[in-house]
Amino acid sequence: MTNTPSSPIHVVGGGLAGSEAAWQIAGRGIPVVLHEMRPVRGTDAHKGGDFAELVCSNSFRSDDAENNAVGLLHEEMRRAGSLIMASADRHQVPAGGALAVDRDGFAAAVTAALESHPLITIDRGEVAGLPPEDWDSVILATGPLTSPALAEAIRGLTGRDSLAFFDAIAPIVHFETIDMGKAWFQSRYDKTGPGGTGADYVNCPMNREQYEAFVDALLAGDKTEFKAFEGTPYFDGCLPIEVMAERGRETLRHGPMKPVGLTNPHDPTVKSHAIVQLRQDNALGTLYNMVGFQTKLKYAEQVRVFRMIPGLEKAEFARLGGLHRNTYLDSPRLLDPTLRLKAMPRLRFAGQVTGCEGYVESAAVGLLAGRFAAAERTGATPVPPPPTTAFGALLGHITGGHLSVEGEGPRSFQPMNVNFGLFPDIEPPKEPGRKLKGPERGAAKRRAMSARALADLAVWLAGDTSAAAAE
């Protein structure tokens, strides 16, 4: 290994993004100080002090690299040496075509890897306000739960208020308390995936009368409100279940409670009006989370309302749902193409605070920030990934901006998951004698985008001079 500068890069925040950033930097032979305030100072959502703790779902979503943008992002991260993906793959639990993990085993693996790396120093304590001036290279990966002192310092530096949205947590049920005489195991359309069998979800059916009563209970249930944050928009990708119900009585049947692709073996000739799915949450299979059931119902109401679901009448909850406030930057206006803060370039940002949404996206932005910072430290010029890759598409959303018009108001920047709509368009390969139309054409286009992305990624990875310097 060649000599590299001995001055460390500081990473603030030990979530998915910060953990990945620290790993990428250390892997290039550069020392890192990883600052994490937990457990010295807790948050409203975390329960422990492990790095990369998952506070909402335990799913990394689809692992299909050919047909799904997040599955493609999984594959790009694996090829880029991601610690988060390596740990997720080692601790996966059955989830059909998705990659879901045993959350405790996953976080413990990430923590052990970081604590044992000789170039990573762990500093347990809060970084209040802006980092000291003698920290010449800093990655702020404090997440959507950024401490008030640091958030206020960032606002003061940029002259812009961080935008905010609510994020809600889904309940977790003890499996042994689910009535499997009413519920059954099945993945939608019997789809299998990595570690899956085609029967990976617990399904609880509802007829029309049960569904209507359930919607009524959701709408009438006593809910937690935060008056200080009134007017703050929810992120559409993580709406509380009762907020979805408020948008229309059929909304849930076309969202988390859709009954398609599932057949009740207890009554196979009767089509369910709605179905609640639960996904395995730990490797032992003793805990299952209620898919899409993020909520701001008060605890007593959650128990009462969710026990109306057939199969969950006697459910015992390992964790009830909750609600917390998330913040994110107006990144297209505040950050440069390598995630540096324009007003103070020694600071980089990574993770959900930049305006990406989702575990994998957060870790991916941490990976990019770590590589950019490492390149700078070795004297190289950071090169962003091609926009044709999932990395590049996500980075383009953050720094180029996916700007939307809300009503007649000004353009605004909103959090977003990675999706093929962020990629440059492509024409699918032509098939002699056939003209692809509709879904078939869409599927061919997605496959072509994925193939192009992985080919372009290989070129980008081969040109990583910071990696070459560490070899």
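Buried means under 20% relative accessible area, exposed over 50% and partly exposed in between, with a 1.4 Å probe and protein chains only.

## Model and overall fold

This is a predicted model, in which local features need pLDDT of at least 70 and side-chain atom pairs count only at pLDDT 80 or more, while totals for chains, interfaces and linings use all residues. Residues are numbered from 1 along each chain as its sequence is written, and side-chain values use heavy atoms, with hydrogens and water left out.

The protein chain has 13 helices and 19 strands; these are DSSP runs numbered from the N terminus, helices being H or I of at least four residues and strands E of at least two. Of its 471 residues, 57% count as buried. Contact means heavy atoms within 4.5 Å. Among contacts between residues at least 6 apart in sequence, 71% join residues at least 24 apart.

## The loop between E2 and E3

Cysteine 56 is in the loop between strand E2 (32-36) and strand E3 (59-62). Cysteine 56 counts as buried because its relative accessibility is 13%. Not counting residues up to four places away in sequence, cysteine 56 touches Arg103, Ala168, Ile169, Cys238, Gln294, Arg319 and Tyr359. Proline 171 is 115 residues from cysteine 56 in sequence, and the C-alpha to C-alpha distance between them is 9.0 Å.

Alanine 52 is found in the loop between E2 and E3. Its phi is near 55°, a positive value in a residue other than glycine, and alanine 52 is buried, with a relative accessible area of 0%. Arginine 61, in strand E3, also has a positive phi, near 70°. Arginine 61 is partly exposed, at 26% relative accessible area.

## Nonpolar cores

A nonpolar core is a set of buried Ala, Val, Leu, Ile, Met, Phe, Trp, Tyr and Cys residues joined through side-chain atoms within 4.5 Å. The largest one has 83 residues, and those with the most contacts inside it are Phe60, Leu73, Phe106, Ile139, Phe391 and Phe423. H10 gives the most to this core, with 11 residues. Another core, of 31 residues, lies apart from it and includes Met244, Val276, Val305 and Ile309.

Leaving aside neighbours within four places in sequence, phenylalanine 106 is in contact with Leu16, Ala52, Leu54, Phe60, Ile84, Ser87, Ala88, His91 and Val101. Helix H1 (residues 16-26) is mostly covered, with 10 of its 11 residues buried; among them are Leu16, Glu20 and Gln24.

## Helix packing

The axes of helix H3 (residues 83-90) and helix H4 (residues 103-116) come within 9 Å and cross at roughly 135°. H3 is therefore oblique to H4, where angles under 35 degrees count as roughly parallel, over 145 as roughly antiparallel, 65 to 115 as roughly perpendicular and the rest as oblique. Axes are lines fitted to C-alpha atoms, for helices over the stretch in contact, and angles run from 0 to 180 degrees between N-to-C directions. Leu83, Ile84, Ser87, Ala88 and Arg90 in H3 meet Phe106, Ala109, Val110, Ala113 and Leu114 in H4.

Helix H2 (residues 69-79) packs against helix H10 (residues 359-377) at an angle of about 35°, and their axes are 10 Å apart. On the H2 side the contact is made by Val70, Leu73, His74 and Met77, which meet Val360, Glu361, Ala363, Ala364 and Leu367 in H10.
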